[in-house]
Amino acid sequence: MFGDFTAVNAITFDVKQGEIFGFLGANGAGKTTAMKMLIGILRPTHGHALVAGFDVYKQPESIKRNIGYMSQKFALYNDLTVTENVAFFGGIYGLSKALIKTKTKMLLDELGLENVANTLVGSLPLGWKQKLAFSVALLHEPKIVFLDEPTGGVDPITRRQFWEMIYKSANQGTTIFVTTHYMDEAEYCDRISIMVNGKIEALDTPEMLKRQFNVATINEVFLKLARG
Amino acid sequence: MNPFLGFIKKEIYHILRDRRSLLILLGMPIVQILLFGFAITNEIKNVEVAILDYSKDATTLEIINKISASPYFSINQLMMHEADIESVFQKGKVKAVISFEKDFGKNLIKDRHATVQIITDATDPNTANTISNYINSMVQSYLNEHNKTLTPTYQIIPQTRMVYNPELKSVYMFVPGVMTVILMLISAMMTSISITKEKELGTMEVLLVSPLKPLQVIAGKVVPYIFLSVFNAVIIIILGIFVFKMPIQGSLLLLGLESVLFIITSLTLGILISTISASQQTAMMASLMGLMLPTILLSGFIFPISSMPVILQVISNIIPAKWFIIIIKGILLKGVGISFIWKETLILIGMTLFFIAISVKKYKIRLE
């Protein structure tokens with residue numbers, strides 16, 4: 001709640017384990033606010049919510065240990081090297097030194113970043129930073145990863161690669177909660193919800209939504225809902 | 001790895017890799033103390049004076065010798081005509097002209113009084129005042145020496161003694177002052193910038209979503225700056241002792257503890273600033289305008305508080321630096337112990353607690 005403006009009004013939904021859940025909505029629809037409530041940065045005024053099986057009111061600390069978060073800004077430290085960033089974020093989740101070492105090796109190998117392991121993150125291209133940020137968010141093997149508009153400002157090829165990474169971790173059992181503005185990305189999700197003015201107006205698989213609204217693309221579903 | 005230690009390590013990387021800021025952080029105290037110590041000085045030394053001597057007798061010669069022998073003055077030239085005074089001042093080198101009347105020595109014996117005129121260049125009023133006082137007292141002392149042989153008339157001779165800084169060295173005033181300003185600047189400005197930087201980058205959100213407690217995040221940001229500030233305080237004191245021969249009268253331990261207290265006060269101010277500013281620029285402006293100027297102008301560092309208008313004297317009470325300067329001058333110059341400065345110490349502790357209370361309140365509002 002911001003003053004007497006209700007950004008998120010009594011939304012109800014559940015996300016299954018290992019699912020890729022697309023959280024859609026126009027700017028100002030309340031996506032980010034809802035997400036911040038789930039990850040414990042904002043406190044909902046009332047309601048009931050479980051994240052990874054933990055209560056948002058009573059067990060915020062347990063939630064924090066079991067979720068990963070990647071913000072819109074690919075928040076890595078530009079003045080730290082790739083390895084140092086990984087070590088830092090692993091460290092604040094309490095991973096042991098040895099574990100961080102093996103994880104770093106795996107991660108560099110997977111992303112093909114071995115050559116830039118000791119390069120400052122600030123000098124990497126945006127697409128690399130974004131993939132690195134995603135891997136860093138997964139470092140402590142969270143049950144759920146929250147991705148806040150993860151592909152903004154990135155070229156289509158990198159976006160494609162990024163979604164491949166998302167699929168891969170979903171297949172390994174990680175639940176993905178992703179907000180996006182790109183409607184083609186929405187089609188990649190297992191299920192999507194569309195928020196309008198603080199309420200969830202639609203929630204289903206992309207196929208079912210298109211059928212329900214009798215249109216060919218999610219884009220059209222979105223436009224129909226957003227225009228009211 | 002201990003999450004908190006990892007966090008501090010990260011902060012140290014930030015500080016060490018920002019070479020320009022680091023250079024400013026470590027270089028500024030040295031440059032400032034040397035600048036204030038050497039360049040900006042209220043003392044006069046080797047001031048060039050011109051002599052206009054219409055008498056040219058033994059008495060004037062003796063007085064002139066006395067003046068030129070002192071470290072304060074050197075004779076630039078001997079003038080011949082009163083008309084030259086104007087042009088001599090305009091050239092700018094000569095700051096004072098001393099003019100003896102005709103038959104100075106003869107008049108002194110015959111009439112029991114003679115006139116010497118001191119003309120000073122008052123474009124810089126403070127210096128002019130000091131110069132004229134110095135010359136005055138030299139003439140006076142000449143007179144006193146010679147009066148011994150004469151029959152004494154009524155005379156009151158005030159004996160002044162300047163305690164704690166007998167040579168009136170202004171560097172004694174600047175060392176505590178610069179130390180205060182530097183500690184305030186580094187502690188408050190740098191922490192507020194470094195916290196708002198995380199907000200701007202979006203990393204603050206990521207940190208708050210992590211298992212790190214908000215208090216750990218703030219403490220992790222602050223700890224490296226405590227060390228940096230202590231390091232600077234030590235450098236300033238060392239420069240004061242070895243370069244400017246400043247005596248340390250009081251206990252170094254007490255000085256250290258009080259400095260750490262003031263550093264913490266400044267850090268909490270920095271945290272407070274960071275909770276109310278969204279960007280690094282706002283934080284910097286708030287620190288500069290809100291802290292630096294009052295610290296320099298209203299703390300008694302340069303301008304004595306007792307000669308300010310009442311309203312400013314009242315305002316000066318809420319400037320933490322004012323209290324620290326009283327404390328540090330007390331310890332350094334007067335050698336006082338805690339029994340003389342407990343009140344100021346308590347005020348600083350009170351301010352610190354107050355800043356922490358507001359910060360915590362503001363911080364919670366932002367989080368919920």
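Modeller: Beyond its neighbours within four places in sequence, V56(A) is in contact with M37(A), L38(A), G40(A), P44(A), A49(A), V51(A) and I63(A). Bear in mind that this is a predicted model. V56(A) belongs to the loop that runs between β3 (54–55) and α2 of chain A. T119(A) lies 63 residues from V56(A) in sequence, and their C-alpha atoms are 38 Å apart.

In all, 23 residues of chain A are in contact with 21 residues of chain B. On the chain A side, α2 (60–66) and α3 (82–92) are the elements that give two or more residues. The largest share comes from α3(A), with 4 residues. By type, this side of chain A holds 10 nonpolar, 5 polar and 8 charged residues. A word on interface size in general: it is often given as the accessible area lost when the parts come together.

Chain A has 9 helices and 8 strands. Six strands form an open sheet in the order β4-β5-β6-β1-β7-β8 (chain A), and the pairing is mixed. The edges are β4 (67–70) and β8 (199–204) of chain A. Each edge strand has a single partner, so one side of each lacks a neighbour in the sheet. On average, neighbouring strands are turned by 15 degrees against each other, direction ignored.

β4(A) runs parallel to β5 (residues 144–148) of chain A, and 4 bridges join them. One pairing to find on screen is I67(A), whose bridge partner in β5(A) is I144(A).

Then go to β1 (residues 20–25) of chain A.

With β6 (residues 175–180) of chain A, β1(A) runs parallel over 5 bridges. With β7 (residues 191–196) of chain A, β1(A) also pairs in the parallel sense, over 5 bridges. L24(A) shows both pairings. Its bridge partner in β6(A) is T180(A), and its partner in β7(A) is I194(A). Helix α9 (residues 218–227) of chain A lies across β1, β7 and β8 of chain A. This helix runs at about 25 degrees to β7(A).

How does chain A look as a whole? The C-alpha atoms of chain A fill a box of roughly 50 × 40 × 30 Å along the principal axes. For 228 residues a compact globule would have a radius of gyration near 17 Å, and the 18 Å of chain A agrees with that. Buried residues make up 40% of chain A. Of its contacts with a separation of 6 or more, 68% join residues 24 or more positions apart.

Chain B comes to 14 helices and 4 strands. The radius of gyration of chain B is 28 Å, well over the 21 Å that the globule rule gives for 368 residues, so chain B is more spread out than a compact globule. The C-alpha trace of chain B spans about 95 × 45 × 40 Å along its principal axes. In chain B, 35% of the residues are buried. Residues 24 or more positions apart supply 79% of its contacts with a separation of 6 or more.

One helix of chain B deserves a stop. Helix α2 (residues 19–39) of chain B has a kink of about 40 degrees at G27(B). The kink comes shortly before the proline P29(B). P29(B) is buried, as are L25(B), Q32(B), I33(B), F36(B) and G37(B) in α2(B). The cover over these buried residues includes α7 (171–201) and α9 (214–242) of chain B.

Notes: Residues are numbered from 1 along each chain as its sequence is written. Chains are lettered from A and ligands numbered from 1 in the order in which they are written. This is a predicted model: local features need pLDDT of at least 70, side-chain atom pairs count only at pLDDT 80 or more; totals for chains, interfaces and linings use all residues. The radius of gyration is taken over C-alpha atoms; the globule rule is 2.2 Å times the number of residues to the power 0.38. A residue is buried if 20 or more other C-beta atoms lie within 10 Å of its own, exposed if 12 or fewer, and partly exposed in between; C-beta atoms are placed from the backbone. Two residues are in contact if their C-beta atoms, placed from the backbone, lie within 7 Å. Ala, Val, Leu, Ile, Met, Phe, Trp, Tyr, Cys and Pro count as nonpolar, Asp, Glu, Lys and Arg as charged, and the others, Gly among them, as polar. Two strands pair if DSSP finds at least two bridges between them. The bend at a residue is the angle between axes fitted to the seven residues ending there and the seven starting there. Axes are lines fitted to C-alpha atoms, for helices over the stretch in contact, and angles run from 0 to 180 degrees between N-to-C directions.
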